[in-house]
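Colleague: Before I get lost in this model, I'd like to know what lies behind the words you use. Walk me through it, please.

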Amino acid sequence: MITARITTGGDLLLVAPVRGLVSEAPAAVRAIAGHAAGAVGFGISPEELRGFDEYFVRSAADPVVPLTTAERSEVRGLVRFGEVSVPNPSFLEVLRWAATQGVVTQGLDPSEDRTATLFAENIGYLELVRRTVRERSVSRNPPTPANADEYALRWDHEVARGRGSRKFAGARDRYLVRSARAMALGRSRVAVVIDRERFENVRALLSDPGSADTDPA
């Protein structure tokens, strides 16, 4: 897990655990609790956040989560570094902590409909084909770095290194940053939890006032 405290325009703690790694979850909760965040934003859509809350946080039994071939391969590669769980256990544990503390939570990514539109706007047919080929390739031969942090970065690079994929990721990150800034208004401290591979770009955007304002929501 990696974190950064950003004081440009407020006091925001950015927390980026490796997606799926169970051991990252307690550290994410400790970091946010120590920051005394009055609100926590997540790098997922509002609909997905509601689903996490309804089916995993407040439900007595977790539902079965179907995985794609690429997701199964990602999990198989990640288990070398510890226990793995889906959905992202760090997101779920932070949600549970927020529920017990009465802390406001918010999904900061675009809605599912808006995400689909952004995908279509930025990823054309050829890029979609190349992305599918890359996903199949990395599924057959997952990266084998020395630690989980590097694994997350390598996996994302292999799948999303195309120009259209980078444009889509950038548009999604800019939307998240605008949402985070809106969430922070009137609050002394907030926290944002995202997947590890998004950390560098989101931190750069949050640290630069006005950096996310050029992409209409």
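**Helix contacts and pockets**

Colleague: Which residues in H8 do Glu127, Arg131 and Arg134 in H6 meet?

Modeller: Those three H6 residues meet Arg163, Gly164 and Ser165 in H8. Contact here means heavy atoms within 4.5 Å. The H labels are helices, DSSP runs (H or I, at least four residues), strands are runs of E with at least two, and both are numbered from the N terminus. Bear in mind that this is a predicted model: local features need pLDDT of at least 70 and side-chain atom pairs count only at pLDDT 80 or more, while totals for chains, interfaces and linings use all residues. Residues are numbered from 1 along each chain as its sequence is written, and side-chain values use heavy atoms, with hydrogens and water left out.

Colleague: What makes H6 roughly perpendicular to H8?

Modeller: Their axes come within 8 Å and cross at roughly 95°. Angles of 65 to 115 degrees count as roughly perpendicular, under 35 as roughly parallel, over 145 as roughly antiparallel and the rest as oblique. That makes H6 roughly perpendicular to H8. The axes are lines fitted to C-alpha atoms, for helices over the stretch in contact, and angles run from 0 to 180 degrees between N-to-C directions.

Colleague: How do the residues of the contact of H6 with H8 divide?

Modeller: There are no nonpolar, 2 polar and 4 charged ones. Ala, Val, Leu, Ile, Met, Phe, Trp, Tyr, Cys and Pro count as nonpolar, Asp, Glu, Lys and Arg as charged, and the others, Gly among them, as polar.

Colleague: Why are H2 and H4 described as roughly perpendicular?

Modeller: H2 (46–57) and H4 (89–101) pack at an angle of about 80°, with their axes 10 Å apart. H2 and H4 are therefore roughly perpendicular to each other. Leu49, Phe52, Asp53, Phe56 and Val57 of H2 meet Phe91, Leu92, Leu95 and Arg96 of H4. That contact has 7 nonpolar, no polar and 2 charged residues.

Colleague: And why is H1 called oblique to H4?

Modeller: H1 (residues 24–35) packs on H4 at an angle of about 40°, with the axes 8 Å apart. That makes H1 oblique to H4. Glu24, Ala25, Ala28, Val29, Ile32 and Ala33 on the H1 side touch Pro89, Ser90, Glu93, Val94 and Trp97 on the H4 side. By class, the contact of H1 with H4 has 8 nonpolar, 1 polar and 2 charged residues.

Colleague: Which residues are closest to the centre of the second largest pocket?

Modeller: Thr8, Gly9, Gly10, Arg181 and Ala184, out of 16 lining residues. The second largest pocket has a volume of about 250 Å³. H8 again gives the most to the lining, with 3 residues.

Colleague: How many cavities of 30 Å³ or more does the structure hold?

Modeller: There is 1. The largest cavity has a volume of about 40 Å³, and Val18, Arg19, Glu74, Leu78, Tyr151, Ala152 and Glu197 line it. H3 and H7 are the elements that give two or more residues to this lining. Its residues divide into 4 nonpolar, no polar and 3 charged.

Colleague: Where does proline 87 lie?

Modeller: Proline 87 is in the loop between H3 and H4. A cis peptide bond joins it to valine 86, with omega about -5°.

Conventions
On a 1 Å grid over the protein atoms alone, a cavity is a set of points where a 1.4 Å probe fits but cannot get out, and a pocket is an open set with protein on both sides within 12 Å along at least five of seven lines; lining residues have an atom within 4 Å of a point. Grid points are joined across faces, edges and corners, and a volume is the space filled by probe spheres set on the points.
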